Each structure stands twice: as structure tokens, then as C-alpha cells.
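Subject: Structure handover

Hi,

Here is the structure we talked about. My notes follow below it.

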Amino acid sequence: MSFVPGQPVTAVVQRIEIQKLQQGDNLILGFSIGGGIDQDPGQNPFSEDKTDKGIYVTRITPGGPADVAGLMMGDKIMQVNGWDMTMVTHDRARKRLTKKNEGVVRLLVTRKSLEEVVKQSMNKYPRQ
Amino acid sequence: MDNESQYSGYSYKSSHSRSSRKHRDRRDRHRSKSRDSSSRGDKSVTIQTPGEPLLDAESTRGDDRDDNWGETTTVVTGTSEHSISNEDLTRVSKDLEESTPLECKRFVGPALGGLLSFFALVTPVAFLILPQVLWRDILEPCGTPCEGLYVSLAFKLLVLLISSWALFLRPPRATLPRFFVFRCLLMVLVFLFVASYWLFYGVRVLEPRERDYRGIVEYAASLVDALLFIQYLALVLLEVRHLQPAFCLKVVRSTDGASKFYNVGHLSIQRAAVWVLDHYYSDFPVYNPALLNLPKSILSKKMTGFKVYSLDENTTNNSTGQSRAMIAAAARRRDNSHNEFYYEEAEMDRRIRKRKARLVVAVEEAFTHIKRLHEDEVTSSPKHPREVMDPREAAQAIFAPMARAMQKYLRTTRQQAFHSMESILTHLQFCITHNMTPKAFLERYLTPGPTMQYQQQNGRGRQWTLVSEEPVTSALRQGLVFSLRRLDFSLVVTVTPLPFLRLGEEFIDPKSHKFVMRLQSETSV
């Protein structure tokens, strides 16, 4: 999941669409993010490679919009509404997710289990 | 004819004309009459330093009275008791050059300069005194302004005198091969200057017997001012200009590669050479000719290569194949010499370290045998008589146990030529007198010191030859190479300019040094 400079990043991603929920004055999504290129990557409990400075999902409020949409804790967010999230600062990531004029965010997330599922499915149907 | 090389003084005799030889014969014959009984039939030749005639040889042949013998006789040298080998020859010539009589040429320059400056200093005083002496009665008296001028004149002359003494009255340290351009320039300037002032004085003051004394005093004051400015010029040209570093000189000794880098200012080649030599004597380790060569065991194996003799011209392939095989074998064999060199070096290092350890222990032990007697210590009681020694005797007393270890160590490091027993004793005495520890005593022998340490003080000086492709009064510039040669080694000097430095500035506000802990924030969206 970490990147090699100069090489394209490849990952198996899942598309997740979250509807923002109006709560008082804010539109919330119901999860917390951690990481970013200005953060310390060694303290990320979810990443496999401790130099990975991507945005990770650190907490999900149970019953919130993210939980309903299928986001899991430990997911790495690759894109938000088409915007890249692999090389952003923490603040920029937060801004992209909390735009007031967007009611829906479409995320591309990746996790380790996705890769294994794909591998298993490829093994099951080897000739396809 | 034996095979020992002879230092023969015959050459200068045989080149002389016949008539002079005749005179010499007659003169020597007179002398030889008295020593006939002792020297007749004596075929031995005594070698003496040149300049002294070979009396014995002459005396045996003086009786022959053959005027033609100079052309046809071959030199007969029997077995002699004294013979000088090649090394002795170089040593003799070196000693000769060191002991050449004091050259008067050395003092011509300073003497001339001193004369000129004395002349220049006396001139203003002469300008003032001459009118008073010659035509005192018709001089206009001048009061206070003249006295003011007298005072200023006196002080300026005093300043000139003191600064001349401080700057220029120093014994010269080197004779340069060509003229020292700046010094000559300044002397010519001073001479022309003072001469033109005298000319003017003679024409305008002495001739018409000028009456305005104040004008004369002002004239003398202006001369002293101008002399002060010339001295300022001399100070700048001779002392100050070459202080700012501009070039980097690399000095390499040709025999063993010892090298150093020096920064000098704008100098001419000859002045730079003097500067380099000043620093050579205290920076470079002493030149030890015994340390130069690879050990003989390695070199001799290298030297004896394979020799291919082709005895039979008809053999074709066989010989070429054989020679190729031999060359290949020789190449392979040459590969081993670096191996031997490595082991030889390691062995030599080990040996030196072993001898050094023995020497250090011996010296430490020797130093424990004596101690300094303090003034207030009780002088000897009859029960324990103590022999009180002066430093020389103390040194001799403790030298004996360490002498052998010292000699062996010096032999191993090939330094025995530099330290005689007398010098070691003197050094030991010196160290004892100044309360030095054994380590301080040994410092002189464990590391080869600078050449200055081994010099005998004599006023004759050292002879160096400056070899250069450019004229030696030209200034230093990039890429110049010159060398300073002595009898057995030379120093090669390369000149490179110092790089031009472009210094930038960066201002850092002391308040801008701030630090934060590394982030790991979590934001809920």
C-alpha cells in the first residue's frame, strides 16, 4: 500500500458512498481520520508500512453515516469525490471531506482484506 | 694500479705549463734535499685536501731532472694508506662549501643602504647649519615661527631615526641571486630625491647667499616630510604588501615526497623562495638518506630478471615459445615482490616497536636512579653519605644503563648518523636540569624532528640554488613551478592562486528558533 517514488500506485479499492447527516449546524460523516504528509507516520496503528503517510480511518461512530455505508476502521482513503488523498496534508484531507456544498462523498478506500478476497476469487476461477 | 678510487690532485698539476713546473720542481727539490733520507724510494701517495701540494710525490721525482716527463709520464699510484671513497668526496665538498669564508658580497647591500640613509638624515641638519656657519651676520633673524619649525623638525627626525632603526636595521637573512627590485627602487628614489634637494639648495641658497632664513628652515622641513613619506612607501612595499595571502604554494621534497602547503602574498620568485626556506627548516622532517630505498632483499630479486640468450639462429618456433614462457614466468614472479615488500614492512615495524619498548623501559628505569637535591634538605649525615653531582655527572651516571638500548633503537630507525654519543649526553644533561620526564627526553629520538633541530650553528649559512624557467624577479602567478636545489635533494614548489570567495549573508532571527512535537492528530469529520 505504500508507494515507490516514480512508480504508479496500484491498489484494490472499494467504492463507498456516504450521505452526509445534518447535525445542528454541521454536516457530519461519522468517522475520524488520521495521517497526512505532515504527520508522523510511525504512530499509525493501521498501516502495514510505517512510512505510509496516507489518510486512514481511525474511528467510526456506530450507527453513523459511514458505518451505514460500510466504511471500516483502518481503511486507507485513496480518493474523495475524485480528489486524491494519498499525498495530502491532514488539514486538506479534512477540508475535502467537510465541504459544505457537498451532500454526498464518494470515497475510494482500500484495505488489506480486499486484496486477499480478490486473490481468493482469482484462484477459485482460474480460467477467467 | 689498484681499484680504490683516489682523490687525485694531479689534474691541476698536469695542466700547468712546463715552465711553471720547472720552477716548482726546483723549489721542491730545495725542500726535498732535507727530507731525502726519509722519503726517497717512498712510493706511497698521501691524499690531502686540495690547496696543499703533494709533497712526497714531488720529492721522489724531483731528482730526475727530466723536463719532458710531464707529457709522457703516467701517474703511478701505489697502495696508499689514505683513500677516499665517493661518499667521503661528497662529504668533503659539502664541508668545504659550508666552511667557505665569509663573503663580503653579503654586506654590500646593507652597507650601501645604511650609507644612503645616514646621508639622507644628515642633510636637513646640514641645510640648517651651513648658512649659520657661512654667512651668519647677514642672515635675517627669525623668531617664534622658526623655533616652532625647529621643534617639529627635531621630532620628525627623531621619528625617522627610530622607525629606520626598527624596520631596516636588521641583519640580512638571505642573499638573493638577482637584485631585490623594491629595495633598489627605494634606494634610487631616496638618492635622487636627496641629490635633487642638494642641487636646488646649492643653486638657490649657497650661491646667492640667501638671507631669508625662515625660507631655508621651511625648505629643510619639507625635505624631512618627504623623507617620512618615502619611508611610508618603503614600509608598504617591503613589509606590508606581501602580508595578505594570495597564493598557495605546494612544496614537495624530491627524495621522499614530504610535502606542505603554505599561503603567501604577492612576492617575487626569489623572495618567495626565501620565505619557503624559512619555513622548510622548521616544518619539514629532517632528510634521512638512509630511509630512502626499498630493502635490498626485495630490490635484488627484482633486478635479476630472466635473460634470454639465443645461441642458435636456426631455431624458430621453439625459441619464441620458450621466450614467451619465460616472460610469462617473469611476470608471474614479479607479482610476488609486493608480497615480500608487505611482509618486510610489517617485520620492520615490529622490530622498531620492540626496540622502542625496550628503550622506553630502560630510560624510565634510568631516570629513577637520580633525584633532585633540594636546598632545604638535610645535608649528608655521616651515616648516609650522599654524593652530590652536577648535571653533567648525573647524566653520565645514568647514561650507561640506557646506552645500549638507545644505540640499538637508533640503528633500527637509521638515525644513528644524526645523534652522536656526545649529543645524547648533552641532551640528557639538559633534560635533567629542567626536570623533564623520560618521555620528554625521548621525544627527540622517537620522532624525526625538523631540520632546524640538527643544525650546527655557524655563521656561514646554507647554500641553495634556485632553479626556475622564469626570471627570478618576476612576480608569482598561477602555474609557476620553481625548485630549490641542494646537493642531494631538491624542493619543488608549485604555485596556485587562492580561490576567490563569494561570501553571502543569511540573517536568522534568534526568535525564529521554534520546535514542535511531531503530529499525529485525529480529526472527526
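How are H9(B) and H10(B) oriented to each other: roughly parallel or roughly antiparallel? This is a predicted model, so read what follows as computed from it.

Start with the two helices. H9 spans residues 181-206 of chain B, and H10 spans residues 213-240 of chain B. Their axes come within 10 Å and cross at roughly 175°. Angles over 145 degrees count as roughly antiparallel, so H9(B) and H10(B) are roughly antiparallel to each other.

The contact residues on H9(B) include Phe182(B), Leu189(B), Phe193(B) and Tyr197(B). On H10(B), they include Ile216(B), Leu223(B), Ile230(B) and Leu237(B). The contact divides into 20 nonpolar residues, one polar and one charged.

Next, the annotation. An unreviewed UniProt entry marks "transmembrane region" at residues 107-129, 149-168, 180-200 and 220-240 of chain B. In the model, residues 149-168 of chain B are 100% helix, with end C-alpha atoms 27 Å apart. Residues 220-240 of chain B are also 100% helix, and there the end C-alpha atoms are 29 Å apart.

Last, the interface. Chain A gives 19 residues to the contact and chain B gives eight residues. The two chains bury about 1100 Å² between them, 48% of it on carbon and sulfur atoms. In chain A, Gln39(A), Asp40(A) and Gln43(A) lose the most area to chain B, together 37% of what that side buries. The rule finds one salt bridge across the interface of chain A and chain B. The side chains of Arg59(A) and Glu522(B) meet in a salt bridge at 3.8 Å, N to O.

Best regards

Definitions and conventions:
Residues numbered from 1 in each chain as written. Chains lettered and ligands numbered in written order. Predicted model: local features only at pLDDT ≥ 70, side-chain atom pairs only at ≥ 80, totals over all residues. Heavy atoms only, no water. Axes fitted to C-alpha atoms, helices over the stretch in contact; angles between N-to-C directions. Helix = DSSP H or I, 4+ residues; strand = E, 2+ residues; numbered from the N terminus. Parallel < 35°, antiparallel > 145°, perpendicular 65-115°, else oblique. Contact = heavy atoms within 4.5 Å. Nonpolar A, V, L, I, M, F, W, Y, C, P; charged D, E, K, R; others polar. UniProt positions renumbered as here; feature names shortened; annotations may be inferred. Buried area = accessible area lost by both parts, 1.4 Å probe. Salt bridge = Lys/Arg side-chain N within 4 Å of Asp/Glu carboxyl O.
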